[in-house]
Number of protein chains: 2
Amino acid sequence: MIRDNLSVHLIARPHGEPNLENFSFVKSACPPVPPGGLIYETMFLSVDPYLRGRMNDVKSYVPPFQLGAPIESGFVGKVLESENEKFKSGDLVFGMGPWSHFTATDGKNLSRLPPEFPPSHWLGVLGMPGLTAFVGLFDIGQAKRDETVVVSAAAGAVGSLVVQLAKQTGCKVVGIAGGKAKCDYVKNDLRADFVIDYKNENVLKSLVERVPDGVDVYFDNVGGEILSAVLSHLKDHARISLCGMISEYNAKEPPPGPNLRPLLSKKASIRGFIVSEHWERRAAFVAEVAPRVMAGEITCREDVINGLENAPAALFRVLSGKNFGKQIVKVDAL
Amino acid sequence: MIRDNLSVHLIARPHGEPNLENFSFVKSACPPVPPGGLIYETMFLSVDPYLRGRMNDVKSYVPPFQLGAPIESGFVGKVLESENEKFKSGDLVFGMGPWSHFTATDGKNLSRLPPEFPPSHWLGVLGMPGLTAFVGLFDIGQAKRDETVVVSAAAGAVGSLVVQLAKQTGCKVVGIAGGKAKCDYVKNDLRADFVIDYKNENVLKSLVERVPDGVDVYFDNVGGEILSAVLSHLKDHARISLCGMISEYNAKEPPPGPNLRPLLSKKASIRGFIVSEHWERRAAFVAEVAPRVMAGEITCREDVINGLENAPAALFRVLSGKNFGKQIVKVDAL
């Protein structure tokens with residue numbers, strides 16, 4: 001069977017906000033099945049803020065994307081043809097792969113997915129964002145019953161699970177999000193105790209009003225002014241779990257950070273983490289969270305854009321906070 | 001016996017740098033021995049950067065000094081008269097007390113000092129600064145053999161012990177200090193592997209040259225630009241032990257802090273601590289460090305100013321980095 005393939009390549013590194021000129025859409029012939037390997041069709045792509053970092057040519061926790069090569073991200077795909085004994089045609093697979101309709105691989109870094117959940121969940125609530133929420137809240141943040149937990153980007157893929165896990169642990173939860181629709185979702189669907197609309201409120205003032213005793217755990221997805229505000233209202237021995245700094249991913253020069261005096265006066269800590277160092281927690285995470293998703297006790301929201309050709313636009317949405325829920329691209333290959 | 005007493009009071013809170021107008025020298029009659037208590041004569045006062053914080057009327061880890069009352073700090077004194085069965089005349093005692101020649105107390109918060117060491121050592125290498133170095137380096141910073149440790153204010157009371165403890169643990173040690181005399185001391189007497197003179201060098205550039213692989217543990221006494229520089233040169237999983245921020249204690253408004261992106265990319269942490277929450281480590285600290293001081297394996301330097309009336313000037317020295325070694329006031333009472 002001969003098919004046309006399409007891939008999205010990085011062709012120029014962005015300065016500040018990325019735009020369509022940083023990408024090209026490259027047509028090619030579909031590759032043959034490699035000996036002992038397989039070909040899969042990409043069904044869903046995960047679009048996450050960290051991809052912006054990989055577009056820069058700097059050393060970071062993941063290597064930069066190469067110019068003239070496809071963007072890569074998490075995906076769910078379906079095996080089309082296989083010479084690999086671990087996979088057969090029709091299997092659902094999960095891994096990190098190129099932004100392409102069709103991909104040839106030896107299959108080493110793929111895992112087969114169980115059929116009980118919508119496939120896209122493995123990119124969101126049960127995937128990397130879900131594990132990020134779990135590790136950041138419990139392992140890094142050490143959140144415990146009756147503590148006050150604040151989470152920014154609370155309507156996002158990671159934040160929405162942080163809110164729900166913290167609530168189900170018996171914490172008092174403040175979700176910070178931008179705009180009425182997201183705030184309503186955080187309050188009504190995710191059941192945060194309080195919500196702060198950072199686009200329409202003074203975050204520090206609202207935080208002091210809603211949790212006057214201060215914050216035990218801050219799960220930070222954004223950095224910037226919201227981090228400064230929360231730092232001004234910590235309890236003794238507070239822990240800040242630094243998961244992302246989306247507020248400055250597009251910055252050309254690193255902006256100054258918050259005054260750190262509260263870390264001293266409150267004997268508090270900030271710790272950065274990256275979920276890829278915590279895969280050993282994945283089994284515990286899935287065992288704990290998947291049944292609750294199945295039972296409807298944990299809700300998740302996906303923001304799906306159709307078409308591989310719209311993947312860059314999906315990334316722009318994520319970087320500007322326009323997505324509402326886990327950003328996914330549904331790839332229509334055939 | 002009737003004696004004149006002298007005390008140093010805080011009479012006005014400073015804005016920015018304190019000066020002599022914030023203090024008054026108050027004469028009074030020496031108090032009588034309280035029932036079941038004692039009177040001691042102050043021999044040495046400890047002068048530390050944190051005192052500046054207590055001069056402000058803000059909630060912090062220690063309550064503010066009261067206007068019209070004496071400044072208080074660590075001291076070593078000699079019991080003059082006692083009705084307390086735990087202490088007798090001539091005993092050396094240690095505690096927190098007022099900046100006064102003579103003090104009447106119930107004796108509850110005093111401890112008796114063993115006679116083997118110079119009394120002033122209990123305010124420095126074997127006292128609060130020593131325990132601060134020990135806790136901050138090992139408990140907070142988790143420094144281990146073969147790691148690279150950087151310490152700022154390396155010639156100071158805390159920093160000088162950090163350098164020596166880290167060296168004796170098998171770490172590679174970089175001491176940061178200001179000026180040739182202090183840097184020579186850090187290199188030749190404390191035996192740091194490298195020294196950086198922040199007054200005459202670009203800290204980041206020198207750090208990259210001397211320890212190109214980066215920093216595992218930063219023991220930070222100063223905050224500000226030096227913290228920013230070290231943050232730019234961390235190894236993966238680095239720990240920053242935040243002990244003090246003397247660079248901004250006199251600031252009228254909290255200045256912005258360092259960009260925190262490296263915490264994310266290096267999966268690193270910053271943790272503030274205050275030694276008063278770690279007294280339970282004092283026995284282990286004294287057991288480990290006192291014999292080494294006795295054996296001459298650990299050196300310490302004291303910067304002694306004579307006369308209670310010069311105690312405010314001693315504080316100004318500490319806040320401007322002019323002291324060289326643990327700042328102590330030798331009180332001549334009689």
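Guide: Helix α4 (residues 180–189) of chain B lies across β10 (172–177) and β11 of chain B, and runs at about 170° to β11(B). This is a predicted model, where local features need pLDDT of at least 70, side-chain atom pairs count only at pLDDT 80 or more, and totals for chains, interfaces and linings use all residues. Residues are numbered from 1 along each chain as its sequence is written, chains are lettered from A and ligands numbered from 1 in the order in which they are written, and side-chain values use heavy atoms, with hydrogens and water left out.

Visitor: What does helix α4 of chain A lie across?
Guide: Helix α4 (residues 180–189) of chain A lies across β10 and β11 of chain A, at about 170° to β11(A). Helices (H or I, at least four residues) and strands (E, at least two) are DSSP runs, numbered from the N terminus.

Visitor: How many strands form the open sheet?
Guide: 12 strands form it, with mixed pairing, in the order β11(A)-β10(A)-β9(A)-β12(A)-β13(A)-β14(A)-β14(B)-β13(B)-β12(B)-β9(B)-β10(B)-β11(B). Two strands pair if DSSP finds at least two bridges between them.

Visitor: Which strands stand at the edges?
Guide: β11 (194–197) of chain A and β11 (194–197) of chain B; each has a single partner strand, so one side of each is left without a neighbour in the sheet. On average, neighbouring strands of this sheet are turned by 15° against each other, direction ignored.

Visitor: How many bridges join β9 to β10 in chain A?
Guide: 5 bridges join strand β9 (residues 148–152) of chain A to strand β10 (residues 172–177) of chain A, and the two run parallel. A:Thr148 stands opposite A:Lys172 in β10(A).

Visitor: New topic. At what angle do helices α2 and α3 of chain B cross?
Guide: The axes of α2 (residues 128–140) of chain B and α3 (residues 157–168) of chain B cross at roughly 50° and come within 8 Å. That makes α2(B) oblique to α3(B); angles under 35 degrees count as roughly parallel, over 145 as roughly antiparallel, 65 to 115 as roughly perpendicular and the rest as oblique.

Visitor: Which residues make the contact?
Guide: Among them are B:Phe134 and B:Leu137 of α2(B), and B:Leu161 and B:Leu165 of α3(B). Contact means heavy atoms within 4.5 Å.

Visitor: And B:Asp146, is it buried or exposed?
Guide: B:Asp146 counts as exposed, at 61% relative accessibility; buried means under 20% relative accessible area, exposed over 50%, partly exposed in between (1.4 Å probe, protein chains only). B:Asp146 lies in the loop between α2 and β9 (148–151) of chain B, and its phi is near 75°, a positive value in a residue other than glycine.

Technical notes. Axes fitted to C-alpha atoms, helices over the stretch in contact; angles between N-to-C directions.
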